[in-house]
Amino acid sequence: MKKNILTRTVWVLALVSLFADFASEMLYPIMPVYLKSIGFSMVLIGVLEGLAEAVAGLGKGYFGKMSDHFGVRVPFVRWGYLASAVAKPLLAASTSVFWVFGVRTLDRIGKGLRTGARDAMLSAESAPETKAQIFGFHRSMDTFGAVLGPSVALVYLYFYPENYKTLFLLAFLPGVFYIFLTFILKENATKPAGKKPRPALFSFLNYWKDSPAAYRKLCIGLLAFTFFNSSDVFLLLKMKTAGQSDSMVIGAYIFYNLVFALSAYPIGIAADKLGIKKVYLLGLLLFSMTYFLFAFTENRAVFFAAFVFYGWYAACTEGIAKAWISNICKKEDTATAIGTFTGLQSLAALLASVFAGMVWQFFGAGVPFVLSGIGAILVAIYLKKLT
């Protein structure tokens, strides 16, 4: 491996993501419990999370387009991470419905601001033959944060049960560190000459018709898969309905993230050598295996075995998809291309979770998992035929 593949910029962005996910995932396991404790109904929680994902989805496309339009990356990355860092402690400031909705929206705006520009910076730091490795390394570091966050939350709540507000304040501490790191970043984009007007809110959607045909064909397959890939909450809920304790469920989530974190970088290296497409297709088959196992088991050992497959699936697809896209689009359109895809992906994920919830409600817990497993196989067949 060449010594300069993991550049200074790649390391900084990876560490920023690690600490950002550390902060976010400290709160992920307890967020629904906290919201219920301050009077939110399950319907209101669903509306809140749905709105948050919609805002993040729109932001990824719009701010990705804006980053390409003005030829800058670092301000979008810095302000995006800052918005999310500030939102954590603000959640503890009031239990008003409007306040919680506003702060949650601020957090998701931050995610929308940074995603396209950050991924464009990662793409610019790599060659086509090292894209999967770079994105895999970033996903690996990011996911280590998802291991540390819930682990700290578990230990904290063991000693201070139901003391949720203090946990929101503690989540700001890693935020201070990752905001500091963003000031180390240096701009790697080329700013176009002349003053340009701000793009319209939905202008990023124009990229769909202007993009290469290969981009559209690929995104159709990736988005189709997203419609079958509902929230991970359903996997955890399946364990809970099978009689597993809260600690065991959160432990399984930490275990999955650990498998993902340990696998993403080496799988990224393998994808550059064996082919991005082959590794992504393997990921879809691993996803299908996971969901079929969840559909038909209530055994703890089988659940944990399935989470091994699920961690490998995530390592084979999440960073790999962005590497695949960035190898297709033009360099100057990278933030727009990834932002448009991830924006549409967020909206598709919202619909997927709504659909999975309805199927679970009316047909039983096993049916949405079977449908998702079948859907992943169909998408794999479609993607295999792409040239």
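1. Let's start with helices α6 and α14. In this predicted model, the axes of α6 (residues 131-159) and α14 (residues 300-328) come within 8 Å and cross at roughly 145°. The crossing is right-handed. On the α6 side, the contact is made by Lys131, Ala132, Phe135 and Arg139, while α14 brings Glu318, Gly319, Ile320, Lys322, Ala323, Ser326 and Asn327. Sorted by class, this contact has four nonpolar, three polar and four charged residues.

2. Lysine 322 deserves a look of its own. This residue lies in helix α14 and is among the residues contacting α6. Is lysine 322 buried or exposed? Its relative accessibility is 13%, and because the cut-off for buried is under 20%, lysine 322 counts as buried. Leaving aside residues up to four places away in sequence, lysine 322 touches Thr115, Arg118, Asp119, Phe135, Ile338 and Thr342. Of these, Phe135 belongs to the α6 side of the helix contact described above.

3. The largest nonpolar core has 89 residues, and Tyr280, Phe307, Ile325 and Leu383 are the ones that touch the most other members. Helix α14 gives the largest share of this core, with 13 residues. Another core lies apart from it, with 22 residues, including Met26, Ile30, Phe40 and Leu167. As background, nonpolar side chains tend to be buried together in soluble globular proteins.

4. Not counting residues up to four places away in sequence, tyrosine 280 touches Leu222, Phe225, Cys316, Thr317, Ile320, Ala321, Trp324 and Leu383. Two of the residues in that list, Leu222 and Phe225, are buried residues of α10, and Ile320 takes part in the contact between α14 and α6.

5. Which residues of α10 are buried? They are Tyr215, Leu218, Cys219, Gly221, Leu222, Leu223, Phe225 and Thr226. The cover over these buried residues includes α9 (206-210), α13 (276-296), α14, α15 and α16 (366-384).

6. Finally, helix α15, which is part of that cover. This helix (residues 334-363) has 30 residues and reaches 42 Å from its first C-alpha to its last, close to the 44 Å expected at 1.5 Å a residue. Glycine 364 follows α15, and its phi is positive, near 105°.

Notes
Residues are numbered from 1 along each chain as its sequence is written. This is a predicted model: local features need pLDDT of at least 70, side-chain atom pairs count only at pLDDT 80 or more; totals for chains, interfaces and linings use all residues. Side-chain values use heavy atoms; hydrogens and water are left out. Axes are lines fitted to C-alpha atoms, for helices over the stretch in contact, and angles run from 0 to 180 degrees between N-to-C directions. Helices (H or I, at least four residues) and strands (E, at least two) are DSSP runs, numbered from the N terminus. A crossing is left-handed if the near helix is turned anticlockwise from the far one by less than a right angle, and right-handed if clockwise. Contact means heavy atoms within 4.5 Å. Ala, Val, Leu, Ile, Met, Phe, Trp, Tyr, Cys and Pro count as nonpolar, Asp, Glu, Lys and Arg as charged, and the others, Gly among them, as polar. A nonpolar core is a set of buried Ala, Val, Leu, Ile, Met, Phe, Trp, Tyr and Cys residues joined through side-chain atoms within 4.5 Å. Buried means under 20% relative accessible area, exposed over 50%, partly exposed in between (1.4 Å probe, protein chains only). The expected span of a helix is 1.5 Å times one less than its number of residues.
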